[in-house]
Amino acid sequence: MKNKKFSLIIIVVVAIIAIGLYFYFATPKKTIDVRNGHISKLESMARVCAVDIYSEVPVLDTINNKVMFAIQKQKGSVSFDLENMQMEDNGDTIKITLSPEIIELYEATEDNSWEVIDTKGLGVFISNTFTDEEENALKSKIKSNAKKFLYQNSTIERARAEGSRNLQMLMEKVYNKPVTIIDTTPKGAYYDEFK
């Protein structure tokens, strides 16, 4: 009887040691590799922001004989680079030529910023589902179309007018003299590309 208890205790101890060794050697050691960081490019740009953009854009497009209807929520802004504006000091008045607009437009990050309403294959043996590559190809067109719409519905024209007013007020406070803003492209510096 004592031999059976002793044998059972030895089996239990060996099993516990075996399980412990298994988990000790089976679990990979986590290492962290730390290297010196470096900055590859540093840009500072002073901008005047004229318009913040938030919009919901309907998307109806086809790719590979499939059609998708979706809605994308977008956020962005229209701003103007202060560092590259041409300034001319004419005695008691400063003349500033408004620089080309900088349009930043991105898919919003909140929930439901990309909502697919419906998809359809345009053939008998064509699937209704889109691959990630097909969906991303459609999304890449959306930004260009959205910028085109901003020029067509005069958002950029209004942003340039607002930017001119904001810049004039800012520069009059900075220089403490009258400032005239010259806008050579009131409909937008890239209007011809998107019309």
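Mentor: Three strands make an open sheet, in the order 3-4-7, with mixed pairing. Strands here are DSSP runs (E, at least two residues), helices are runs of H or I with at least four, and both are numbered from the N terminus. Two strands pair if DSSP finds at least two bridges between them.

Trainee: Which are the edge strands?

Mentor: Strand 3 (86-90) and strand 7 (179-182). Each pairs on one side only. On average, neighbouring strands of this sheet are turned by 20° against each other, direction ignored. Axes are lines fitted to C-alpha atoms, for helices over the stretch in contact, and angles run from 0 to 180 degrees between N-to-C directions.

Trainee: Before we go on, what kind of model is this?

Mentor: It is a predicted model: local features need pLDDT of at least 70, side-chain atom pairs count only at pLDDT 80 or more, and totals for chains, interfaces and linings use all residues. Residues are numbered from 1 along each chain as its sequence is written, and side-chain values use heavy atoms, with hydrogens and water left out.

Trainee: Back to the sheet. How many bridges join strand 3 to strand 4?

Mentor: Five, and the two strands run antiparallel. Strand 4 covers residues 93-97. Asparagine 90 has threonine 93 in strand 4 as its bridge partner.

Trainee: What does helix 3 lie across?

Mentor: Strand 3, strand 4 and strand 7. Helix 3 runs at about 150° to strand 7.

Trainee: Now the whole chain. How many helices and strands are there?

Mentor: Four helices and seven strands. Along the sequence the pattern is α-β-β-β-β-β-β-α-α-β-α. The chain has 195 residues, of which 28% are buried. Buried means under 20% relative accessible area, exposed over 50%, and partly exposed in between (1.4 Å probe, protein chains only).

Trainee: What about contacts along the chain?

Mentor: Take contacts between residues at least 6 apart in sequence: 75% of them join residues at least 24 apart. Contact means heavy atoms within 4.5 Å.

Trainee: Next, strand 1 and strand 2. How do they pair?

Mentor: Antiparallel, over 16 bridges. They form a hairpin with two residues between them. Isoleucine 63 stands opposite lysine 66 in strand 2.

Trainee: What does lysine 66 lie over?

Mentor: The face of phenylalanine 130, at 5.7 Å from the ring centre. The test for a charge over a ring is NZ of Lys or CZ of Arg within 6 Å of the ring centre and within 35 degrees of the ring normal.

Trainee: Where does asparagine 176 lie?

Mentor: In the loop between helix 3 and strand 7. Asparagine 176 has a positive phi of about 55°, and is not a glycine either. Its relative accessibility is 71%, which counts as exposed.

Trainee: Now alanine 70. Buried or exposed?

Mentor: Buried, at 0% relative accessible area. Alanine 70 sits in strand 2. Set aside its neighbours within four places in sequence, and alanine 70 is in contact with Val57, Pro58, Val59, Trp114, Glu115, Val116 and Ile117. Alanine 70 and glutamate 115 are 45 residues apart in sequence but 5.5 Å apart in space, C-alpha to C-alpha.

Trainee: And asparagine 112, where is that?

Mentor: In the loop between strand 5 and strand 6. Asparagine 112 is exposed, at 53% relative accessible area. From asparagine 112 to glutamine 72 is 8.3 Å, C-alpha to C-alpha, across 40 residues of sequence.

Trainee: Last topic, helix 2. How many residues does it have?

Mentor: Helix 2 has 21, residues 132-152. From first C-alpha to last it reaches 31 Å, close to the 30 Å expected at 1.5 Å a residue. The expected span is 1.5 Å times one less than the number of residues.

Trainee: Which of its residues are buried?

Mentor: In helix 2, Glu134, Glu135, Leu138, Ile142, Ala146, Leu150 and Tyr151. The buried residues of helix 2 pack against several elements, including strand 1 (47-63), strand 2 (66-81) and helix 3 (155-175). Just after helix 2, serine 154 takes a positive phi of about 70°.
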